Amino acid sequence: MESNDLVELRQVHKIYYRDRNEVPVLQGIDLDIRQGEFVALMGPSGSGKSTLLNLVAGIDTPTQGNVRVAGESLGQLKPSKLAAWRARHIGFIFQLYNLIPVLTASQNVELPLLLTRLSAKERKKRVLFALELVGLTGREKHFPRQLSGGEEQRVAIARAIVGDPTLIVADEPTGDLDARNAADILLLLQRLNRELRKTILMVTHDPHAAERAQRVLHLDKGVLQADGQARRIETGARS
Amino acid sequence: MKYVRLIVANLMRAKRRTFLTVFSIAVALFLFCTLRTVITSFEASIRASEATRLVVRHGASLVFPLPLSYRDRLTQVQGVTGVTYGNWFGGFYQDPKNQFAQFAMDVPTMFGLFPETVIPPDQLRAFQAERTSCIIGRALARKYSWKVGDTVPIIGTIYPGEWRFVVRGIYEGKTQDVDENTLFFHWDYLNESLPEGRKNYVGIYWLRIASPSMAAAVSERVDAMFQNSSQPTKTETEKAFQAGFISMIGNVQLLLTIIGSAIVFAIMLVTINTMMMAARERTTEIAVLKTLGFSNGLILRLVGGEALLVSLLGGLLGCGLAALVFQKTDFTGGGFFPNFRVLPQTVLTGILLAALMGVLSGLAPAISAAHLKIANAMRKVV
């Protein structure tokens with residue numbers, strides 16, 4: 001029987017080398033994420049959350065183990081195929097938005113679509129739809145410097161979803177926002193998950209943010225805690 | 001095409017830097033075109049030379065004249081089908097900086113030997129009929145706004161005094177290589193005005209021969225004829241004469257090529273540095289693009305494309321400006337470069353050079369951007 005898991009990590013290790021020292025970041029990670037799930041990944045600084053996210057998004061490679069996402073073993077792909085795979089399957093949301101400052105909101109959102117064969121007209125249509133979805137209708141021609149932090153992150157989310165990716169990965173998407181904007185962004189992610197059935201893997205420090213997810217994972221010193229245990233730890237931490 | 005907007009947007013983020021880079025490339029290519037045109041304008045006289053024309057001058061030096069009496073003997077040399085002669089006048093118009101070539105020519109015979117010079121028949125007749133008249137090249141007429149009927153005063157340096165000539169014709173060259181910056185007047189007019197001791201001397205004889213293959217034999221015959229006289233001759237093809245004339249200034253071509261290459265090379269190093277800086281400043285953005293799925297090859301083309309666009313803009317500006325400026329100003333370098341015209345092939349070479357500069361200056365930053373590790377780049381910033 002075929003697995004329903006969109007993300008499958010098996011015995012994944014990641015070691016960084018600083019000077020001549022080995023720094024193990026991830027140790028024997030086994031992880032499954034089902035299609036349509038909203039998973040939060042928590043853990044202290046340096047626990048390997050972002051590294052794990054990068055491995056799932058195909059922008060870093062494991063030292064050992066297998067990463068399989070959207071039916072593809074990422075270790076088998078050549079750089080050009082991996083880039084094409086990312087364009088097709090991954091929508092990435094960064095903590096610091098990382099919009100291109102010299103492009104307008106709509107031009108930023110259009111970037112992933114430039115890699116497709118869509119006509120300019122079709123691209124424009126999709127960009128406007130994505131901006132409407134994140135509540136930024138009317139701000140198409142604004143440059144990032146003309147937007148608030150919350151609005152910039154919405155543009156980044158629109159850019160992440162415009163290509164209709166299989167998986168959205170978000171690296172502390174509310175880390176640079178005030179409470180109100182953070183709540184709005186989390187609500188938006190929740191809507192994307194519930195209404196559009198988008199699978200989301202979100203790294204966060206914030207237990208309130210993690211509450212929005214259907215499942216919370218905890219990573220500590222490169223080791224993933226059991227799911228149930230993770231949920232208990234977070235709940236305990238809040239009480 | 002859809003990526004051009006991205007390239008242009010990136011270039012416009014630091015407008016001043018982009019402008020200065022384009023400007024420095026434009027200056028380098030302007031200088032390249034100018035120096036290259038110095039060489040091609042020298043070469044124009046060689047290109048305009050006829051293979052069936054020989055030049056006879058004094059065997060010791062061009063500055064020593066030959067007797068007029070040689071004319072009849074040259075006419076009788078086997079293989080010679082025509083003879084004309086003339087003297088370099090070496091004057092200026094109003095001010096010493098207004099230099100251009102003036103030749104006193106034997107008018108009845110000159111047009112038979114220089115068929116590449118075209119003049120309307122009525123103007124030719126008027127010129128031939130009037131001893132104090134002259135004809136001028138089209139470029140010279142344009143430069144000084146002279147027209148038929150004007151009187152042109154020329155201050156002589158080799159032949160002192162003010163000489164006044166009435167313009168009776170404006171000639172054109174059959175090809176672009178023909179010098180249109182010269183004034184021709186009657187040799188007889190010059191000769192009769194000279195003191196007795198300077199009369200009946202000729203600077204150069206031009207001989208027409210039946211076929212280019214006869215050049216060596218005819219030259220030998222002419223020089224042998226005057227070998228033991230007090231004024232021996234040196235006869236050579238017009239092409240060899242022009243080449244020898246140019247070589248008198250030294251190996252200008254090599255010197256100018258070295259200077260031109262040095263300028264272009266120096267500007268290229270500056271451009272490489274600028275493009276590397278520009279790419280380095282955008283490390284995070286490049287990592288973001290790669291995260292979105294932009295392949296290494298596409299990133300390489302985008303970053304390289306910026307350098308190429310900047311260089312091509314600079315090249316078009318510099319080469320275009322050079323072509324325009326020298327055309328509009330009728331620059332002749334004080335009469336030293338009568339054919340100072342930026343050739344289309346010079347502009348093309350300049351633009352190709354600019355493209356090469358673009359490729360070379362974009363190569364290092366483009367490769368470095370293409371090989372950027374996303375995770376490493378993001379870790380440095382986030």
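## Two loop residues with positive phi

B:Asn200 lies in the loop of chain B that runs between helix H7 (187–193) and strand S11 (201–202). In this predicted model, B:Asn200 has a positive phi of about 60°, although it is not a glycine. Its relative accessibility of 37% places B:Asn200 in the partly exposed class.

B:Ser145 is also a residue other than glycine with a positive phi, in this case near 55°. The loop that holds B:Ser145 is found between helix H6 (138–144) and strand S8 (151–156) of chain B. With 56% relative accessibility, B:Ser145 counts as exposed, because the cut-off for that class is over 50%.

## The six-stranded sheet of chain A

In chain A, six strands form an open sheet with mixed pairing, in the order S6-S7-S8-S3-S9-S10. Strand S6 (90–93) and strand S10 (223–224) of chain A are its edge strands, and each of them pairs on one side only. Helix H2 (residues 79–89) of chain A packs on this sheet, where it touches S6 and S7 of chain A. The direction of this helix makes about 80° with that of S6(A).

Within the sheet, strand S7 (residues 167–171) and strand S8 (residues 199–203) of chain A pair in the parallel sense, over five bridges. In this part of the sheet, A:Val169 stands opposite A:Leu201 in S8(A). Strands of a sheet pair through backbone hydrogen bonds, in either a parallel or an antiparallel manner.

## The four-stranded sheet of chain A

Another open sheet of chain A is formed by four strands in the order S2-S1-S4-S5, and its pairing is antiparallel. Strand S2 (21–34) and strand S5 (72–73) of chain A stand at the edges; each has a single partner strand, so one side of each is left without a neighbour in the sheet.

Strand S1 (residues 5–18) of chain A is joined to S2(A) by ten bridges, and the two run antiparallel. As part of this pairing, A:Glu8 has A:Asp32 in S2(A) as its bridge partner.

## Nonpolar cores

The largest nonpolar core has 87 residues. Those with the most contacts inside this core are A:Leu9, A:Ile29, A:Leu111, A:Val169 and B:Phe294. Helix H2 (residues 15–47) of chain B provides the largest share of the core, namely ten residues. In soluble globular proteins, nonpolar side chains tend to be buried together.

Leaving aside its neighbours within four places in sequence, A:Leu9 is in contact with A:Ile29, A:Asp30, A:Leu31, A:Leu52, A:Val56, A:Asn66 and A:Val67. A second, separate core comprises 40 residues, including B:Val56, B:Leu68, B:Phe100 and B:Tyr205.

## Aromatic pairs

Over all chains, the count of aromatic pairs comes to 25. One of these pairs is edge-to-face and is formed by B:Tyr93 and B:Trp146, with 4.8 Å centre to centre and 90° between the planes. The pair links distant parts of the chain, as B:Tyr93 and B:Trp146 are 53 residues apart. B:Tyr93 belongs to the loop between strand S4 (91–92) and strand S5 (101–105) of chain B, whereas B:Trp146 belongs to the loop between H6 and S8 of chain B.

Both partners fall under the 20% cut-off and therefore count as buried: B:Tyr93 has 13% relative accessibility, and B:Trp146 has 8%. Elsewhere, ring pairs link B:Trp88, B:Phe103, B:Phe114, B:Tyr171, B:Phe184 and B:Trp206 into a cluster.

## Cysteines

The count of disulfides over all chains comes to zero. A disulfide is a covalent bond between the sulfur atoms of two cysteines. For B:Cys33, the closest cysteine sulfur is that of B:Cys319, at 3.5 Å; with a cut-off of 2.5 Å, this is too far for a bond.

B:Cys33 is buried, with a relative accessible area of 0%. B:Cys134 is likewise buried, with a relative accessible area of 0%.

## A helix residue in chain A

A:Leu128 is located in helix H4 (residues 120–133) of chain A. Its relative accessible area of 36% makes A:Leu128 partly exposed. A:Leu128 and A:Glu140 are twelve residues apart along the chain, and their C-alpha atoms are separated by 7.8 Å.

How values were computed:
Residues are numbered from 1 along each chain as its sequence is written. Chains are lettered from A and ligands numbered from 1 in the order in which they are written. This is a predicted model: local features need pLDDT of at least 70, side-chain atom pairs count only at pLDDT 80 or more; totals for chains, interfaces and linings use all residues. Side-chain values use heavy atoms; hydrogens and water are left out. Buried means under 20% relative accessible area, exposed over 50%, partly exposed in between (1.4 Å probe, protein chains only). Two strands pair if DSSP finds at least two bridges between them. Contact means heavy atoms within 4.5 Å. Axes are lines fitted to C-alpha atoms, for helices over the stretch in contact, and angles run from 0 to 180 degrees between N-to-C directions. A nonpolar core is a set of buried Ala, Val, Leu, Ile, Met, Phe, Trp, Tyr and Cys residues joined through side-chain atoms within 4.5 Å. Rings of Phe, Tyr and Trp (its six-membered ring) pair if their centres lie within 6.5 Å; planes under 30 degrees apart count as stacked, over 60 as edge-to-face and the rest as tilted.
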